[in-house]
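Open the model in your viewer and follow the stops below. Each one says what to select and what is there.

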Amino acid sequence: MSRGGGNPVSALPSNVLRLVKDGLERRALDAGEIDAVIDAGSGNVILLPLAKRALALAASQAANNLLAALPRPDYQRMLPELEPVTLTYGEVLYQPGQRVRHVYFPSDAHVSILVVVESGKALEVGLIGREGMVGVGLALGVEHSSVRALVQGSGTALRMPAGVFLEELARCAPLQRELHRYAYAKLAQARQTAACNRFHLVEARLARWLLMTSDRVRSDHFHLTHEFLADVLGVRRVGVTNAAGDLQRRKLIGYRRGEITILDRAGLEAASCPCYGIVRNLAS
Amino acid sequence: MARESKKKMLRLRLYVAGGAPNSVRAIANLAAICKEHLQAAFKLEIVDVLQFPLRALADGVLVTPHLAKLSPSPASKVVGNLSDRDSVLLALGIGK
C-alpha cells in the first residue's frame, strides 16, 4: 500500500490534466504518484499542489526544534505526513480522557498544558512551543490524553496523525532519542513546577511564565488575559492583577488590555523564581 | 557461454522533482530494489528536473518520478513512486 500523498483528481490544475491525457503517465497521475509534469511546449516544469507545498515546507528550515534535530533524510521522509495547520488562541487540542488523534509540532504557536481538577478548575503545568511536541504521551505508549491542551498563542504548527507518528517512531531511532530526551525535560519541568507552585511567590511565578511565553513566541510582545494567567498561576483573578501591577511598578513589564510587553528582560529574570533558569537549561 | 553468464550491467536514469514526496519515495524504493536484486550490477543517474528541465524535455520525459532503463535493450520506463516492486522488476527485466 503506497500512502501515495495523492492530489484528488478534482484538485489537479486543468493544464496538468490536459498535458497528461492517457497511458502510464495518466494512471500514475490518478494514483497520486506524480510530483511534477513537464510541458513540452513551454519547457516548464509544473509542480502538482502537494509537491509544491512539500518543497516549500522543506525549503524553510524546520521551524520546530525537535524536527530540526532529525537527520535531513528522516525529516524529508516524514514531510508528506506533516500537515501545516493554523492553531488559534483558545482552541482546545485535547481534552482529558480524549483519544489522541494527532500530535503537533508547533512552529510559532504555543500551547498550554492544563491539569483539570474535579471542581473544573484548571492549572497550567506546562507550556509547549517550537522546542517541543504536543502529545508526547503517545511516544510513551499512552493513547489517551490526561490533560487539556489549549492553544495560548496563535500561530502555525505541523500536525501528524497518531498512527503515522507511531510508525515513524518505530522506524526512526533519532526521533525516539529526541522524544525521550524531550519527555524527560517535560517531566523535570512538571516536578519543578510542583515545587514552584508550593513555595514561590505569585509575582516571581508570573515573571517566570511571562519569560517562558516570550521564549516560545520569540518576542517581547504578546497577548495574555488575566483569566488565562489566573489559570496559569492557580490564583484568583485579583491575584494576577496584583502581581502584574507589582511587575509594572518595578518597570519590568508593560501590561495594557491583555497586551504584555517585556521592558526589562534582565530585571524580569532577576524577579523570576529560579525555576525559569533551571528548566530552561534542562530543556536545551 | 561465459559472456551470457556474466551479469548484464543495468543502466538506469531516474528523473525526480527535487525533494518532492513521490520523488523521495521513488529514490528510496529504487535503492531498496537495486540493493536486493542487483547488488553492484547497475549504474544509476538521478536527474533533478527542477535543476535541469531541458534534459527532461530532451529525453521525452512527461512526468516525474520517471525511471528509464537505458540499457540493456529494450529500453523501458516506469512512472510513479515505484512502490509496486513487481511492476518495476518486470519493466527492468529482472527475474525474481
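Start with Lys77(B) and Glu25(A). They form a salt bridge, with the closest N and O atoms 2.8 Å apart. Keep in mind that this is a predicted model.

How many salt bridges are there between chain A and chain B? The count is one. Nine residue pairs, both at pLDDT 80 or more, are in polar contact between chain A and chain B.

Now color the side of chain A that touches chain B. Select α2 (23–30), β1 (36–39), β2 (44–47) and α3 (49–59) of chain A: these elements each give two or more residues to that side. The largest share, four residues, comes from β1(A). By class, this side of chain A has 15 nonpolar, six polar and six charged residues.

Next, show both chains together. Chain A brings 27 residues to the contact and chain B brings 24 residues. Between them the chains bury about 2,100 Å², with 64% of it on carbon and sulfur atoms. Pick out Glu25(A), Asp35(A) and Ile38(A). These supply 30% of the area that chain A buries against chain B, more than any other three residues.

Last stop: helix α9 (residues 202–217) and helix α11 (residues 237–249), both of chain A. They pack at an angle of about 75°, their axes 9 Å apart. That angle makes α9(A) roughly perpendicular to α11(A). On α9(A), select Val202(A), Glu203(A), Leu206(A), Ala207(A) and Leu210(A). On α11(A), select Gly239(A), Ala243(A), Ala244(A), Asp246(A) and Leu247(A). These residues make the contact, and they divide into seven nonpolar, one polar and two charged.

Definitions and conventions:
Residues numbered from 1 in each chain as written. Chains lettered and ligands numbered in written order. Predicted model: local features only at pLDDT ≥ 70, side-chain atom pairs only at ≥ 80, totals over all residues. Heavy atoms only, no water. Axes fitted to C-alpha atoms, helices over the stretch in contact; angles between N-to-C directions. Parallel < 35°, antiparallel > 145°, perpendicular 65-115°, else oblique. Contact = heavy atoms within 4.5 Å. Nonpolar A, V, L, I, M, F, W, Y, C, P; charged D, E, K, R; others polar. Buried area = accessible area lost by both parts, 1.4 Å probe. Salt bridge = Lys/Arg side-chain N within 4 Å of Asp/Glu carboxyl O. Polar contact = N/O pair within 3.5 Å; in protein donor to acceptor, adjacent residues only side chain to side chain.
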